[in-house]
Amino acid sequence: MQIFNNRRELQQFALDAKRSGKTIALVPTMGFLHDGHMSLIDIARQKADIVIVSIFVNPKQFAPTEDFDRYPRDFDGDVAKCADHDADVIFAPEIDAMYDGNASTWVEETVLAKPLCGASRPTFYRGVTTVVAKLFLLAQPDYAVFGLKDAQQCFVIQRMVRDLDFPVEIIPAPLVRDADGLALSSRNRYLSADERTRALSIHRSLLAAKARIQKEKAFAPALEEAVATVTAAGGRVDYIEILDCDTMLSPDANTRQVILAAAAFFGTTRLIDNEIFAL
Ligand code: AMP
């Protein structure tokens, strides 16, 4: 397995690989890898000749008040896991190796990125789309795998790829949970044992809301009950909403699939989760 820290070296490697007829699959991550990330790497491994995993805690997607400085990091552990899952390349640049000091160009998706996490974290998605656009130009992937744990992010990236004609196929990967239902996340590391137990209310409330929506064909009572469940467990709800997956607007007669999405704080830790289903 090769490790690149320099973005030009990665790009040269990728261009050479493409010229020799190889296909590339990219898995963008912020590191502190868990089984959710590994499932993405396994999907990438099945798709392409070369699997590139990027590990970069991207400062452009964190607001000044957020957890950039304390975001968990374990580079040696991540390298071992990537080797174990047969990745070919890790790209792990320092911040100044990724962005020039006076970088002034942003890539921004302006519709799907607006609600949910885009409403609570207004500068988040433009940070994501900017770094992912750069990663696509550096790693030259034929495929890029994104987890549905961050479903809105996946939809935003798909829209960016369509709108800007990136020659890459986005592969959405299923959300991976712990046995007790908690969505795997690097940020789960912040939770105390008690907070972790109480945070199980997020998934529980989503499943109950999904069942009620499918039975009653009404949203408001189910969403209110979900908010009450998470609040009763000591969580501070940021949002629990149901939106059309294609438009990220309220579902209507044309809706094919909905996303029932939640974000809530337990202690200082903000967790997100979702269920995607047909009405
Ligand atoms: P992150 O390192 O949190 O930025 O995540 C990198 C990629 O891993 C993103 O595409 C995430 O959606 C995906 N991912 C993170 N957690 C999970 C999970 N529990 N299940 C599936 N994919 C995940």
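Phe32 is found in the loop between strand β2 (24-29) and helix α2; helices (H or I, at least four residues) and strands (E, at least two) are DSSP runs, numbered from the N terminus. At 18% relative accessibility, Phe32 counts as buried, a term that stands for under 20% relative accessible area, with exposed meaning over 50% and partly exposed in between (1.4 Å probe, protein chains only). Its phi is near 50°, a positive value in a residue other than glycine. The model is predicted: local features need pLDDT of at least 70 and side-chain atom pairs count only at pLDDT 80 or more, while totals for chains, interfaces and linings use all residues. Residues are numbered from 1 along each chain as its sequence is written, and side-chain values use heavy atoms, with hydrogens and water left out.

Met248 also has a positive phi, of about 60°, although it is not a glycine. This residue lies in the loop between β7 (236-244) and β8 (258-266) and is buried, at 3% relative accessibility.

Helix α3 itself spans residues 75-84, and its buried residues are Gly77, Asp78, Val79 and Cys82. These residues pack against β1 (2-4), α2 (35-47), β3 (50-55) and β4 (89-91), where contact means heavy atoms within 4.5 Å.

Arg7 is found in helix α1 (residues 7-19). The residue is buried, with a relative accessible area of 11%. Its side chain is joined to that of Asp100 by a polar contact of 2.8 Å, that is, a pair of N or O atoms within 3.5 Å, of which, within protein, one must be able to donate a hydrogen and the other to accept it, residues adjacent in sequence counting only if both atoms are side-chain atoms. Leaving aside neighbours within four places in sequence, the contacts of Arg7 are Phe91, Ala97, Met98, Tyr99, Asp100, Lys134 and Leu138.

Over the whole chain there are 9 helices and 9 strands. The radius of gyration is 19 Å, close to the 19 Å that the globule rule gives for 279 residues, so the chain is as compact as a globular protein of that length; the radius is taken over C-alpha atoms, and the rule is 2.2 Å times the number of residues to the power 0.38. Of the 279 residues, 53% count as buried. Residues 24 or more positions apart account for 72% of the contacts with a separation of 6 or more.
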